[in-house]
Amino acid sequence: MKKIVKNGTIVTASDSYQGDILIENGKIAEIGLNLNEPEAEVINADGLYVFPGGIDPHTHMDMPFGGTVTKDNFETGTVGAAYGGTTTIIDFCLTEKNKPLRHALKKWHEKSEGQAVIDYGFHLQISEINEEVLREIPEVIEEDGVTSFKVFMAYKGVLQADDETLFQTLVKAKESGGLVMVHAENGDVINHLTQRALAEGKTDPIYHALTRPPELEGEATGRAAKLTALADSQLYVVHVTCKEAVEQIAEARSKGFSVYGETCPQYLVLDQSYLEKPDFEGAKYVWSPPLREKFNQEVLWNALKSGELQTIGSDQCSFDFHGQKDLGKGDFTKIPNGGPFVEDRFSVLFSEGVKKGRISLNQFVDMVSTQAAKLFGLFPQKGTIAPGSDADLVLFDPNKERTISAETHHLAVDYSALEGLKVTGEPVSVLLRGEYVIKDKQLVAEPGTGKFIKRAPFYKNSPEKKAASLLRG
Ligand SMILES: [Zn+2]
């Protein structure tokens with residue numbers, strides 16, 4: 001039952017040091033030099049980094065979209081995640097209008113139960129506000145451990161909610177300890193630009209990007225940030241892609257508002273020109289917000305380095321090129337939105353970030369694990385290596401070189417949007433609560449090994465907010 005990880009370089013968001021880790025009953029029992037425990041299985045981590053397991057706060061597994069369902073479900077999606085060094089995902093649970101929030105949660109529990117090889121939690125979509133929803137928000141926070149709520153400002157007529165819904169969600173979340181997340185794009189104007197493009201016969205994948213310009217992401221980001229300030233609430237902006245949006249987040253943060261931002265590996269290494277690939281291959285790169293002009297990559301790296309953006313999510317949302325993406329041949333609005341990134345999120349950030357000198361090793365851990373744990377109520381159970389924390393560990397070879405390819409990835413989807421990208425660094429073994437999920441690059445865990453994790457309310461991780469809420473009594 002006991003294990004000792006020996007001789008590795010332990011890396012957290014704050015420290016890097018040589019040490020051994022004693023694991024007992026799924027938890028980290030002790031950290032020290034030359035630990036000895038006769039009954040323990042010894043895992044040699046000589047020459048390897050030992051990271052806390054990655055936390056991906058943004059996935060869509062087994063999710064319906066545009067008349068189809070994502071190719072990867074909670075089994076195949078979490079297998080890919082585990083190979084890539086991620087031990088916890090937080091998935092988006094979609095709600096239906098006129099139905100209780102808990103109806104949607106039940107559905108997501110049914111999809112995921114017995115499927116996942118790593119731990120998982122849920123964010124809950126808020127698509128409308130009424131008496132029932134206002135009553136349920138504190139209940140799902142306190143009783144179901146679902147403490148973050150997503151409002152879509154885009155996808156008009158499908159997922160989009162109006163500003164009143166966003167504002168009331170912000171107010172209610174503030175009262176009850178929730179964190180509000182937004183997909184920030186101006187859906188009304190995008191709808192208009194899209195209809196106009198189609199009427200002009202502009203149907204190729206590139207028009208997906210051209211009808212969703214960065215100004216509309218910046219505008220929605222700024223609007224959400226200002227509504228958050230007015231509500232004195234807290235906001236997490238998912239998949240930030242461009243200068244216009246980064247500026248809005250930076251401005252809100254400089255004024256002291258609780259506004260946080262996430263970006264994704266795809267926006268750091270790909271750009272808008274990929275949507276112009278011939279033979280409809282541009283459809284492989286269709287998701288929202290779209291890929292941007294290349295100069296934005298440097299803007300995003302700088303925002304990560306300076307702390308204006310805090311986390312890296314994958315926005316995993318995979319659709320096969322053959323049979324799913326091609327639903328949009330002749331009409332870019334019918335291309336299912338999304339791409340497969342859960343497996344490579346961790347490695348791409350290490351390779352492009354740490355290896356290329358853009359961020360430090362500790363910043364890397366902060367972005368792929370610790371910050372998400374803190375913001376989403378998982379810390380210190382997850383997101384760090386400390387006595388008492390879950391023994392979710394990644395033993396990582398920092399010098400191994402490989403080329404990303406659909407031939408070798410472990411997801412079910414039929415293509416990789418990062419095909420051919422050379423990366424340095426690869427997880428060798430991955431432990432979840434002290435048990436191997438990946439051992440020497442082989443999957444050894446069964447579906448159902450991963451458990452649903454109830455998360456803590458937002459203010460519990462913010463001493464000032466907690467103090468303030470106690471004072472208000
Ligand atoms: Zn998403």
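**Salt bridges and the zinc site**

A salt bridge joins the side chains of Lys-243 and Glu-247, with an N to O distance of 3.2 Å. In this predicted model, the two residues sit four positions apart in helix 8 (residues 243–254), about one turn of the helix. Lys-243 is partly exposed, at a relative accessible area of 36%, and Glu-247 is likewise partly exposed, at 43%.

Arg-135 forms a salt bridge with Glu-139, and their closest N and O atoms are 3.1 Å apart. Because these residues are four apart in helix 3 (residues 131–142), about one helical turn separates them. Arg-135 is partly exposed, with a relative accessible area of 41%.

The salt bridge between Lys-356 and Glu-352 also has its closest N and O atoms 3.1 Å apart. Here Lys-356 is exposed, with a relative accessible area of 52%, whereas Glu-352 is buried, at 7%. Across the structure there are 36 salt bridges. A network of such contacts links Lys-27, Asp-119, Lys-382, Asp-390, Asp-392 and Arg-433.

Attention now turns to the metal. The zinc ion has His-58 (NE2), His-60 (NE2) and Asp-315 (OD) as its protein donors, at 2.1 to 2.2 Å. Along the sequence, the donor residues follow the spacing H-x1-H-x254-D. His-60 belongs to the loop between strand 6 (54–59) and strand 7 (64–65), and Asp-315 to the loop between strand 15 (311–312) and helix 11 (345–354), so this pair ties together parts that lie 255 residues apart in sequence. Both His-60 and Asp-315 are buried.

Methods
Residues numbered from 1 in each chain as written. Predicted model: local features only at pLDDT ≥ 70, side-chain atom pairs only at ≥ 80, totals over all residues. Heavy atoms only, no water. Donors = N, O, S within 2.8 Å, 3.2 Å for Na, K, Ca; no water. Buried < 20%, exposed > 50% of the residue type's maximum accessible area, 1.4 Å probe, protein only. Salt bridge = Lys/Arg side-chain N within 4 Å of Asp/Glu carboxyl O.
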